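Subject: Structure handover

Hi,

Here is the structure we talked about. Please open it and keep it beside this email while you read. My notes follow below.

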Amino acid sequence: METDANTKLAKSWKEYQNNLSLITGNPLIDDYGKSNVTKTGELGQGISFVGEEKNIAERLMKHYHINVYASDLIPLNRIVPDSRFINCSRIQYLEDLPSASVIIPFYDEWPSILLRTVYSVINRTPRHLLEEIILVDDGSTMGKLKSYLDDYIKSSFPAGLIKLLRNPQRLGLIKARMEGWKISTGKVIIFFDSHMEVNVDW
């Protein structure tokens, strides 16, 4: 994360929570909402492939059972349309709520899909309510989820925000969730899938 000399950079998530003048140094967080909405995948726009790109996308789809080729082209911090029912959008919520630990178990989840889930939680949650995000790797075998993910977390997020727990062997969804719960510190525990995006006022 690079910033100019006058920028105040948060070293930890707690510091960021307590000082609204600080930034994380990660433009995917600090500049959220300023995206060019004409970019691929913004506002939930679909992607079409032709020719060789279509062949690549279909080949990867057969292997991973999800369009990872499209996922890698979509911004990790994309804006999604407000999908709430109209009456839900009129509800007013309290600002002073208990802090939350978000636990996200994953197994061989494609990196861009997993990270988009993480960014959606960070960017659409009031910072004072988000205690931590706990990623529980349930024995993944995919190489990109090893040192690459560790390095990305260390270099992209304030310390203490993302906690990565690795199970030495696959335990299954429920046990993986419980492993995350054991190290959680928030007053409220929330379990999410690793391939989703939260929306406004989630």
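Start with a ring and a charge. Arg127 lies over the face of Tyr16, 3.5 Å from the ring centre. Arg170 lies over the face of Tyr107, at 3.7 Å from the ring centre. A charge counts as sitting over a ring if NZ of Lys or CZ of Arg is within 6 Å of the ring centre and within 35 degrees of the ring normal.

Before you go on, two notes on how to read this. This is a predicted model, in which local features need pLDDT of at least 70 and side-chain atom pairs count only at pLDDT 80 or more, while totals for chains, interfaces and linings use all residues. Residues are numbered from 1 along each chain as its sequence is written, and side-chain values use heavy atoms, with hydrogens and water left out.

The sheet

In what order do the 4 strands of the open sheet lie? The order is β3-β2-β1-β4, and the pairing is parallel. Strands (E, at least two residues) and helices (H or I, at least four) are DSSP runs, numbered from the N terminus. Two strands pair if DSSP finds at least two bridges between them.

β3 (162-167) and β4 (188-191) stand at the edges. Each has a single partner strand, so one side of each is left without a neighbour in the sheet. From one strand to the next, the twist averages 20°. Axes here are lines fitted to C-alpha atoms, for helices over the stretch in contact, and angles run from 0 to 180 degrees between N-to-C directions.

Now look at the bridges. β2 (residues 130-138) is joined to β3 by 6 bridges, and the two run parallel. Asp137 has Arg166 as its bridge partner in β3. β1 and β2 also run parallel, joined by 7 bridges. Here Val102 has Ile133 of β2 as its bridge partner.

Is β2 mostly covered or mostly uncovered? It is mostly covered: 9 of its 9 residues are buried. Buried means under 20% relative accessible area, exposed means over 50%, and partly exposed lies in between (1.4 Å probe, protein chains only).

Contact means heavy atoms within 4.5 Å.

Helix α7 (residues 173-182) lies across β1, β2, β3 and β4. It runs at about 145° to β1.

Helix α5 (residues 111-123) has 13 residues. From first C-alpha to last, α5 reaches 18 Å, close to the 18 Å expected at 1.5 Å a residue. That expected span is 1.5 Å times one less than the number of residues. Why call α5 largely enclosed by the rest of the structure? Because 13 of its 13 residues are buried.

Aromatic rings

How many aromatic pairs does a search of the whole structure find? The search finds 7. Rings of Phe, Tyr and Trp (its six-membered ring) pair if their centres lie within 6.5 Å; planes under 30 degrees apart count as stacked, over 60 as edge-to-face and the rest as tilted. Tyr119, Tyr148, Tyr152 and Phe157 form one aromatic cluster.

Some single residues

Leu161 is in the loop between α6 and β3. Leu161 is buried, with a relative accessible area of 0%. Leaving aside neighbours within four places in sequence, Leu161 is in contact with Trp13, Ile122, Leu130, Glu132 and Ile133. Leu161 and Ile122 are 39 residues apart in sequence, and 9.2 Å apart in space, C-alpha to C-alpha.

Ser71 is in helix α4. Ser71 is buried, at 4% relative accessible area. Not counting residues up to four places away in sequence, Ser71 touches Ser112, Ile113 and Arg116.

Ser89 lies in the loop between α4 (68-71) and β1. Ser89 is partly exposed, with a relative accessible area of 30%. Ser89 and Asp201 are 112 residues apart in sequence, yet 8.4 Å apart in space, C-alpha to C-alpha.

Last, check two phi values. Leu43 has a positive phi of about 55°, although it is not a glycine. Leu43 sits in the loop between α2 (27-30) and α3 (51-64), and is partly exposed at 39%. His65 is not a glycine either, and its phi is positive, near 60°. His65 is in the loop between α3 and α4, and counts as exposed at 67% relative accessibility.

Best wishes
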